[in-house]
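Dear colleague,

Please find the structure below, handed over for your records. My findings follow directly after it.

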Amino acid sequence: DSMKLGNLKAFVPSSGYALNIDAAGRLVAAFPFDTLTWTETVSRSLTRLSAEVAAQHPKRLKLFASVGALSPPAQAELRKLGWQIPKLD
C-alpha cells in the first residue's frame with residue numbers, strides 16, 4: 001500500500017533528529033536516504049532514537065518515511081523497533 005503524508009504541523013526534537021507530527025497526530029521520521037542498510041552505526045542511532053521516541057510519545061503511531069530504498073534487514077529491524085514504513089509515492 002502506498003500513502004501520502006499529511007501536512008506536517010510541528011517539529012519535535014528526539015535523539016538529535018528533527019522529527020515531525022502530522023495533521024493526523026502521527027510521529028513522522030522523514031529522512032532523505034538514497035538507500036538505508038542496517039549497519040552497526042545505523043542500528044545504534046536508530047535504536048537510541050526509537051527508545052527516546054517510545055518514551056516521549058508512547059501512544060503515537062510512528063512512521064519511518066523515506067523516498068529511498070530500505071534494505072530488507074533495515075525494514076525488519078525498524079518494524080521490530082515499532083515503526084511503520086509507508087510506501088511513499
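The radius of gyration of the protein chain, taken over C-alpha atoms, is 12 Å; this agrees with the value near 12 Å for a compact globule of 89 residues, the rule being 2.2 Å times the number of residues to the power 0.38. Along the principal axes, the C-alpha atoms fill a box of roughly 30 × 30 × 20 Å.

Please note that this is a predicted model, in which local features need pLDDT of at least 70 and side-chain atom pairs count only at pLDDT 80 or more, while totals for chains, interfaces and linings use all residues. Residues are numbered from 1 along each chain as its sequence is written, and side-chain values use heavy atoms, with hydrogens and water left out.

The protein chain has two helices and eight strands (DSSP runs, numbered from the N terminus: H or I of at least four residues for helices, E of at least two for strands). Their order along the sequence is β-β-β-β-β-α-β-β-α-β.

Strand β2 (residues 8-14) pairs with strand β3 (residues 17-22) in the antiparallel sense over six bridges; pairing requires that DSSP find at least two bridges between the strands. Within this pair, Val 12 stands opposite Leu 19 in β3. Two residues lie between the strands of this hairpin, where Ser 15 takes a positive phi near 55°.

Of the 89 residues, 38% count as buried (under 20% relative accessible area, with a 1.4 Å probe and protein chains only). Among contacts (heavy atoms within 4.5 Å) between residues at least 6 apart in sequence, 53% join residues at least 24 apart.

Yours sincerely

Conventions
Buried < 20%, exposed > 50% of the residue type's maximum accessible area, 1.4 Å probe, protein only.
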